[in-house]
Amino acid sequence: MYRPKEACRRTLPVIINVHGGGWAYGDKELYRFYCADLAARGFAVVNFSYRLSPENKYPAQMEDLCTVIRWVQDHAREYGFDTNHLFAVGDSAGAHLLSLYCILCKNTDYAERVGLTAPQNGYPKAVCLNCGKYEMDSYVSDEEEDLASDLLEGSGFRREIVNVLDNLNGEFPPVYMMTASGDFLKEQTQALAHAFMEQNIPFVYEYYHSDTEAPGHVFHLDFRLEKAKECKGRECAFFRQFLKRA
């Protein structure tokens, strides 16, 4: 958990970070500097590791995300979390899991099918989805298809259960989604934007490109890139729109 140094014990809006890594690798340690940077912009940031495939099949990862959000609610007074202003960010596989969590919160049919209940009052005020994977029947490489298969194989679920586009029901928190010219999953963000338009779900779409830099997949994590700084600034500004004014 990260807080800005100057905030002391002041109550702060919360950002939950859902890491990427193809559902099979990655952990909170890889995101510690990214999360510290977000915290420095005026937020309490909670960074966690979820159980990975292929050892752990879906919805184990969703169970862990629900557990973390309940932990934030249970420890709000201890750590100065403003749970009335709960936000979340996710990239790559993390954006996929975060999208399914938002669906879980508002789609009772989906919740019944996966056998989970979202935390009460755990629906995010807004989310940022970065370079995500949203269609599970569209692959750019054999490796990507293998990773997706490992997430479900032997779980008893069919592929549609983890396809974000198949489970949208018109309800979703305000979302900032982004991709970049060098992101090998950029068509996925375009597909999600199209699905949102079909269901009249409002969103902000950012496409990053530079003639001097080559922003690629999850480029926002690279502190060397000016576009990464720009992206983090825009995403935090997006969240601030939803903070109540005194």
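Before I start, a word on the basis: the model is predicted, local features need pLDDT of at least 70, side-chain atom pairs count only at pLDDT 80 or more, and totals for chains, interfaces and linings use all residues. Residues are numbered from 1 along each chain as its sequence is written, and side-chain values use heavy atoms, with hydrogens and water left out.

Okay, holes. Rolling a probe the size of a water molecule over the atoms shows where empty space is left. Here that's done on a 1 Å grid over the protein atoms alone: a cavity is a set of points where a 1.4 Å probe fits but cannot get out, while a pocket is an open set with protein on both sides within 12 Å along at least five of seven lines. Lining residues have an atom within 4 Å of a point. Points are joined across faces, edges and corners, and the volume is the space filled by probe spheres set on them.

The largest cavity has a volume of about 40 Å³, and its lining has nine nonpolar residues, no polar and no charged ones. For those classes, Ala, Val, Leu, Ile, Met, Phe, Trp, Tyr, Cys and Pro are nonpolar, Asp, Glu, Lys and Arg are charged, and the others, Gly among them, are polar. Strand S3 gives the most to that lining, three residues. Helices and strands, by the way, are DSSP runs (H or I, at least four residues; E, at least two), numbered from the N terminus.

Now the largest pocket, at about 370 Å³. It has 22 lining residues, and the closest to its centre are Gly-22, Tyr-25, Ser-92, Phe-184 and His-217. The lining splits into eleven nonpolar, seven polar and four charged. Helix H6, residues 142–152, supplies the largest share, three residues.

Let's stay with H6. Glu-144, Leu-147, Ala-148, Leu-151 and Leu-152 are buried there, meaning under 20% relative accessible area, with exposed over 50% and partly exposed in between (1.4 Å probe, protein chains only). Down the axis of H6, the buried residues fall within an arc of 130 degrees, so they line one face; the arc is taken from the directions from the axis to the C-beta atoms. On the other side, Asp-142 and Glu-143 are exposed.

Last one: Glu-206, in strand S6, is buried at 19%. Beyond neighbours within four places in sequence, Glu-206 is in contact (heavy atoms within 4.5 Å) with Tyr-176, Met-177, Met-178, Thr-179 and Arg-234.
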